[in-house]
Amino acid sequence: MSLDAGSETRTVDFAADDVPQWRSILSWPAAPSIIFLVVATLGVGMVTDGFLTIANLRSILEQAVLISIVALAVNQVILSGEIDVSTGSLLAVCAFVFGNTANVVGGAWLPLLAALAAGGTVGLLNGFLSTYGRVPSIITTLGMLFILRGAVLLGGGAQVLNMAPESRIFGQGMIAGIPVTILIAACLFLVMEIVSRHIIWARNAIAIGGNESAARTLGLPIRKTRLIAFVLSGLCCGLAAAVFLGQIGQLQATAATGFELKVIAAVVLGGTSIRGGKGSNVSPVVGAVLVGVILNAMTLNRVPGTYELLVLGSLILGAVSFEGVRQKLLTRGH
Amino acid sequence: MHRSTAMSFKTRRAFLAAAVAITALAGGAMKASAEDVVIGLIPKFTSDPYFVAADKGAQEAAKELGYTVEFNGPVDANVATQSDIIDKFVRRRVTAIAVSANDPTALAPALKRARDAGIKTLTWDADVTPDARSVFLNQATFEGMGRTFVDMMVRSAGTSEGDFLIVTAVLTSPNQNRWIEELKKYAAEKYPKMNFPAILPGDEDLEKSKNVTLNYLQANPETKGVIAVTGIATPGVIEAVKQLDMVDKVAVTGLGVPSLIRTYLKDGSLKEAALWSPIDIGYGAIYLAKAEIDGTLDPKSGSVDAGRLGKLKFISDDTVLLGDPFIFTKDNVDQFDF
Amino acid sequence: MNARSLSMDRFRVNRSMVLALIFIIQIAVTSLLVPGYFDIRGLLDATRSFSEAGLIALGMTLVIITGGIDLSVGALLALVSVTIGFSYQAGLPLWAASLAGVGVGTLGGLFNGAFITYFRLHPLVVTLGTFALFRGIAYAVSDANAVSGFPDWFSLFGQTTLGWFPLQFLFLCLFVVIFWVVLSRSAFGRYVYAVGHNEVAARFAGISTNSVLLAVYTLNGFLVGLAGLIYTSRIASARGNAGLGLELTVIAMVVLGGTKITGGSGTIVGTMMGILILSYLQDGLTFAGVRADWGLIFIGVFLILGVFVNEVFRERSR
């Protein structure tokens, strides 16, 4: 089920020659979010002590890394016209796989492989049900969110997983002065960028999300494309699990509850249209940092954690409404 | 109800008859509930090493006494689910219900319904309003815990002057709030220069506890120590301190579940942490239930017989104390496997 | 009604009969396997836990028939509950606080509907946002506290029985009848189906689709308001984490009842069957001592399975 709310055709994201400069910049999906991010960072920095320190900024980035790894993949899912809300529970499942593998064989690379395999498999299942199974992805991933969480609670609820330092390399330490976690996210971003520019699958995804009927007429492999997006989402959950365990060092069965909402918030805040067909890889990263900045600002200002959900919800609604308004503005002159 | 175009009247009648027959058969085939003693043990939530250990202790007591203990609870700190589970136990006609409550007043109606049905009710670990249960097994006095927290912190930090952060569960946790109240009272008397400028909620989440500590310590680097008043928060707090490389400057102590803190006690980032034995509290709860069932529960006698725990004392008319808090250090933590 | 809709009727009736049979078998099997389960009082008692979800499922049926979805119902329930509790605590007489709660529920539904119709956004996206927003407001207002200490009469809604029947179950039955009449016998019901079948065609047919959608979501919110009142009365406590995961249960009930997630078809009878099957499944499991964690898995599986099977049926009936 595509999130396309109607049968309106959508203009593809080329800037025509006679479109004014401000409009072509404005049509870059991530533009408003980047501006917002800069403004927000400076604004918070002015009113909050301790915000604009290197240590704090670095800690924001480290917290944003986890979200951005998964958001980069969910971004692709949304671009292709679907959605994935199972990422929180899937992260927990992959973390358990990682942790238990590490307990048995030690090290970090084999557990990572195991986590990736687990994530990829569930992603495949999600994708299969949502495409060939014709179950709308919101239903599949919502159901999975609960099924996976139940499985983690049952299988690992009483377990306490402590990570040995050698298994935590993905979440700690530095290489050449840059934290490993940030390097991992940066690498993933580069990979996604290369994929988006050169791999046909990525182009298809945007086309399918933009206008499904046109894509079908063109003969694009709709179901296969979306399936791959879901697998990617699962793989990234596996990677994120390795980072997560590295950062935290221990695992609870209730870990990463609510994570999926932060991921979706990051994607839409970054400028990707929730309808699909519009967005870039910069969007989820910018969005993740933005979410990190806002949450950090709240903590520093002693805003109780109870407001976190309120803020996330308002941001999501604001972002999608803004997107709706922007659509109207951009298509008016054509 | 519908236009009967789908089935003829005869078919529908046959169908209905079959349905009634099946149901009657099923009803007739069921046997009456067993005469054995069944106790419903309800934790705050099930997927937690602490509560799983409590269940272990309870099963141990059950085996000794020949009872059956059924362990069921919500997956998160949800009081509506607890209420539902109590109602289900009532329908099962269990002998007694022992619950660790997520909310002191919200469970009272369900527990009262249980009492009306003749089921004994008691609480352990977290209490409800006194009119809904006969006795509460308290793991430690609130003053005792408050005192222990403060004394441990002063020992670990090497000083009693300065600012100390408190990281708690959710801001409404009754136990935590009482402990915080008591520790502040004790500190005000004994160590007047000890300040507690902030109480941050870790929401029983490891990552959150770590992040709030991280952000706070970065903004307030002169903090002398952090007291984590809930077991789940302690490892998160320590991780934050370690990440900021402040292990020597910021002391951490608080509630400690051995399996969660073992590595930190060993590597020195944590010197002391306290807990009571959750196995013992589960064990004790069943023995308390036995006393209630047998009718031997008498506050005037001053104590209750609790199997291998000996005699547990009444610290008030309706509260029994499990014992003193136990302080874990790197030397003794290996003796415990929960 | 032409011949095509008649055959759809036959299909609908057949499915409801199948569901009823499944329900009876389910109760029978559970009673056989678990001693003590088959007790009329007990089974009726069980209705106390699911009457709230059942009420909301009625509204959700309409929402899903129009091709939409509402993920925010659990969060809205929490907001309603918190409104009742905290306005009471702030000094409002309890009857007024209760009305305020139901009003908040209705407004929440209106909010959803307005965003969907005015901004032309997909219901999924809007209710995902309000899912967080409503609960966020509930947490913020309650500051993670809970209000209890309601006067005894307040337990009327959630804790009393009329003879053997819990009051809220009778309430649910009443609404089932009302909604059945509205959906299958009124013009509004027909508009709802029309919008779900093909929104553009409905608009061309002269139906004000925006008004229909707005009404459907507002009605859903109103039901959440009622459910929130019953819930608060039943638990005798108002707190922000009420209704976590409720939306999943409600949607599962609706799809199990045969309502297509893509919209255009569905019945109240089907939803009622879905309510009974899912609720008594959970009831039986808990009664048998199965851990609540399994419940999460079951609901998720039934949700996906329910939709999957509906899709299979769709192919068949073509």
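**View 1. Chain A carries 13 helices and 4 strands.** Helices (H or I, at least four residues) and strands (E, at least two) are DSSP runs, numbered from the N terminus. This is a predicted model in which local features need pLDDT of at least 70 and side-chain atom pairs count only at pLDDT 80 or more, while totals for chains, interfaces and linings use all residues. Residues are numbered from 1 along each chain as its sequence is written, and chains are lettered from A and ligands numbered from 1 in the order in which they are written.

**View 2. Inside chain A, 60% of the 334 residues count as buried.** Buried here stands for 20 or more other C-beta atoms within 10 Å of a residue's own, with C-beta atoms placed from the backbone. Among contacts in chain A with a separation of 6 or more, 80% join residues 24 or more positions apart; a contact is a pair whose C-beta atoms, placed from the backbone, lie within 7 Å.

**View 3. Here chain A meets chain C, with 39 residues of chain A in contact with 36 residues of chain C.** On the chain A side, H6 (137-156), H11 (259-269) and H13 (308-332) each supply at least two residues. The largest share, 13 residues, comes from H6(A). By class, this side of chain A has 27 nonpolar, 9 polar and 3 charged residues. Nonpolar covers Ala, Val, Leu, Ile, Met, Phe, Trp, Tyr, Cys and Pro; charged covers Asp, Glu, Lys and Arg; the others, Gly among them, are polar.

**View 4. Now to chain B, with domain 1 (38-139 + 278-323) and domain 2 (142-275).** These bounds come from an automatic or database domain assignment. The centres of the two domains of chain B, taken over C-alpha atoms, are 29 Å apart. Their contact takes 4 residues from domain 1 of chain B and 5 residues from domain 2 of chain B.

Technical notes: Two residues are in contact if their C-beta atoms, placed from the backbone, lie within 7 Å. A residue is buried if 20 or more other C-beta atoms lie within 10 Å of its own, exposed if 12 or fewer, and partly exposed in between; C-beta atoms are placed from the backbone.
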